[in-house]
Amino acid sequence: MNSAATATTQGDKSIGVEVIFQFLLKELQQSTRAEKKCRDVALRIAGEVLRICNESKRIQASGEIESAAMTLAKHRLQQCLRYYQLGSNRGRVELHSTLSAIIYRYINPPHKQLSYQGRLTIIEDFLQGFYLEALNAFRRENQQAPTYRPQALLELAEYMAFTERYGKRRIPLPGRQQQLIILRAQTFSQQQPPETSVDIEQASEGSSGEADGSWEEPAIQQLRAAMAMQTQPEPEEDTLRSVVVTELMNYLEQRQQSDCADYFSLRLQDLSAQEIESILGLTPRQRDYLQQRFKYHLIRFSLLHRWELVHEWLEASLPTNLGLTPHQWQMYTVKLDEKDRSLLDLKQQGESDETIAKALGLSIAQLQKRWFKILEQAWEIRNSFVSGSSASTHE
């Protein structure tokens, strides 16, 4: 082992780094197919755990250094394995959508009225630079060569897990703390140049009146380069989560529920209720009211507005009996009345709402209300099965 894996913490308390390293190595070898890379990754994670335990006054003063170190090592391991199991494509989509949701509310260049798609474009530009910053930080903190790049899937998973943690790091500011990626996004947003008007036809086809030099404008050259770039669309299965997140954000924006969008963004960061209250400046009662309002819109989005997209993402679409097991499906359909069972059958046959409404003698509004309740009942059965209780939070 290297020096990072054999050192001990300062003071009288020492960490069994060899124990942590062997634990990480064994778990990585059992959970991955990357035997050649397991040792290097285990060494780096063990070294990071050691560094954190050395520098944390809270851990040093706790008297439970070894326990804290093992807990931290297990957390790092789980993050790495999660990205490994997703694979390179889906892992990248997961990381990108997670970080995008965090900074969405903070990408707001001055003097610009950005559309939803315009904001997503700036987020894309920002994150490309942030990924490079995170890679440099990974090299620096793990004492890797300036030319190091993750190649194997396990190395890529390690880097993606590090990038997520790096973005969520808390930076102390006067009277508060802020996540690093939010600070970077705010600075990036403020540095955006004033909006430039570009003629699309001129950019794509050229202009006969180039004597005025407008053809040399950087904005026009940049637009031409973007229009000429050949890109391959990502597989739909790799983008479903990202689509659900962005569609829900767009849904909330369209209904002027910006405070719910703020709350959703913070929830995606796994922040505690107290942290959310502090960031949004809410009392516990106000935060609880906002949470209930967000749940209302979330349910409407998931069971009415974009139910097909959400159920496809949850692998609970109509072709799979709404994600229910054969036993659950039998119990579920027995409880439906005759009209609801007919509605469900016609939906599974792919009939349009207009056709179903006419066949069942319902208005479109009545049909949608019934369908909402049908999906809600299936949702509650799935949640009950997963949680082991009859309660359903819809979240």
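Hi everyone, let's start at a turn: in the hairpin of β1 and β2, where two residues lie between the strands, Gly175 has a positive phi near 80°. Strand β1 covers residues 170-173 and strand β2 covers residues 176-179, and they pair in the antiparallel sense over four bridges. Pairing here requires that DSSP finds at least two bridges between two strands. One of the bridge partners to look for is Gln177 in β2, which sits across from Pro172.

A word on what you are looking at. This is a predicted model, so local features need pLDDT of at least 70 and side-chain atom pairs count only at pLDDT 80 or more, while totals for chains, interfaces and linings use all residues. Residues are numbered from 1 along each chain as its sequence is written, and side-chain values use heavy atoms, with hydrogens and water left out.

Now the overall picture. The protein has 19 helices and two strands; these are DSSP runs numbered from the N terminus, with helices being H or I of at least four residues and strands being E of at least two. Of its 395 residues, 40% count as buried, where buried means under 20% relative accessible area, exposed means over 50%, and partly exposed is in between, using a 1.4 Å probe and protein chains only. Among contacts with a separation of 6 or more, 61% join residues 24 or more positions apart; a contact means heavy atoms within 4.5 Å.

How confident is the predictor? pLDDT is its confidence in each residue, from 0 to 100. The mean for the protein is 77, and 78% of the residues reach 70 or more.

Is Met160 buried or exposed? Met160 is buried, because its relative accessible area is 3%. Leaving out residues up to four places away in sequence, Met160 touches Tyr83, Gly87, Gly91, Arg92 and Leu95. Its C-alpha is 9.8 Å from that of Pro150, which is 10 residues away in sequence.

Thr98 is in helix α5, residues 65-103, and it counts as buried because its relative accessibility is 7%. The Thr98 side chain reaches the backbone oxygen of Glu94 at 2.8 Å. Beyond its neighbours within four places in sequence, Thr98 is in contact with Glu164, Lys168 and Arg241.

Ser302 is in helix α14, residues 284-305, and is buried at 4% relative accessibility. The Ser302 side chain reaches the backbone oxygen of Leu298 at 2.9 Å. Setting aside residues up to four places away, Ser302 touches Trp307, Val310, His311 and Trp379.

Finally, the cysteines. Cys80 is buried, with a relative accessible area of 1%, and Cys260 is buried at 0%.

Methods:
A polar contact is a pair of N or O atoms within 3.5 Å; within protein, one must be able to donate a hydrogen and the other to accept it, and residues adjacent in sequence count only if both atoms are side-chain atoms. pLDDT is the predictor's confidence in each residue, from 0 to 100.
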